[in-house]
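Trainee: Hi, I'm new to this one. Could you walk me through it?
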Amino acid sequence: ISNYVAIVSLEQRQRYKDDFNAEYEEYRNLHTQIGNIIENFRQLSEQWKSVTPGSEAYQVKKDKTMKTVLHHSSIL
């Protein structure tokens, strides 16, 4: 509590509320994007369990994973 300035007027409260509301939609969008990325990588991790190192399927999975990583890194 000592890190926050006390709200002493209705105008100050409204400014804080307006600032929060102005940024909240962007926060929710970023939160959703990150959730989707986490799910995508969770699925990739599960798929890795079913391939044998050195096999053709392994190489295909490696290429797909690299494309996914590059795609997500360009988003963020």
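Predicted model: local features only at pLDDT ≥ 70, side-chain atom pairs only at ≥ 80, totals over all residues.

Trainee: Okay, how many salt bridges turn up in the whole structure?
Mentor: A search of the whole structure gives two. In general, side chains of opposite charge can pair when their charged atoms come close.

Trainee: Which side chain does arginine 42 meet in a salt bridge?
Mentor: Arginine 42 meets glutamate 39, with 2.7 Å from N to O.

Trainee: And where do arginine 42 and glutamate 39 lie?
Mentor: Both are in helix α1, which covers residues 10-48. They sit three residues apart, about one turn of the helix.

Trainee: What about lysine 49, which residue does it form a salt bridge with?
Mentor: Its partner is glutamate 46, and the closest N and O atoms are 3.0 Å apart. Lysine 49 counts as exposed because its relative accessibility is 62%, whereas glutamate 46, at 42%, counts as partly exposed.

Trainee: Changing topic: which residues form the nonpolar patch on the surface?
Mentor: Val5, Ile7 and Tyr16 do, and together they have about 310 Å² of accessible area.

Trainee: Where is valine 5, then?
Mentor: Valine 5 is in the segment before α1.

Trainee: Why does valine 5 count as exposed?
Mentor: Because its relative accessibility is 61%, and exposed means over 50%.

Notes
Residues numbered from 1 in each chain as written. Heavy atoms only, no water. Salt bridge = Lys/Arg side-chain N within 4 Å of Asp/Glu carboxyl O. Helix = DSSP H or I, 4+ residues; strand = E, 2+ residues; numbered from the N terminus. Buried < 20%, exposed > 50% of the residue type's maximum accessible area, 1.4 Å probe, protein only. Patch = residues over 30% accessible without salt bridge, like charges linked within 9 Å, V, L, I, M, F, W, Y side chains within 5 Å. Areas by Shrake-Rupley, 256 points an atom, 1.4 Å probe, with all protein chains shown as cover.
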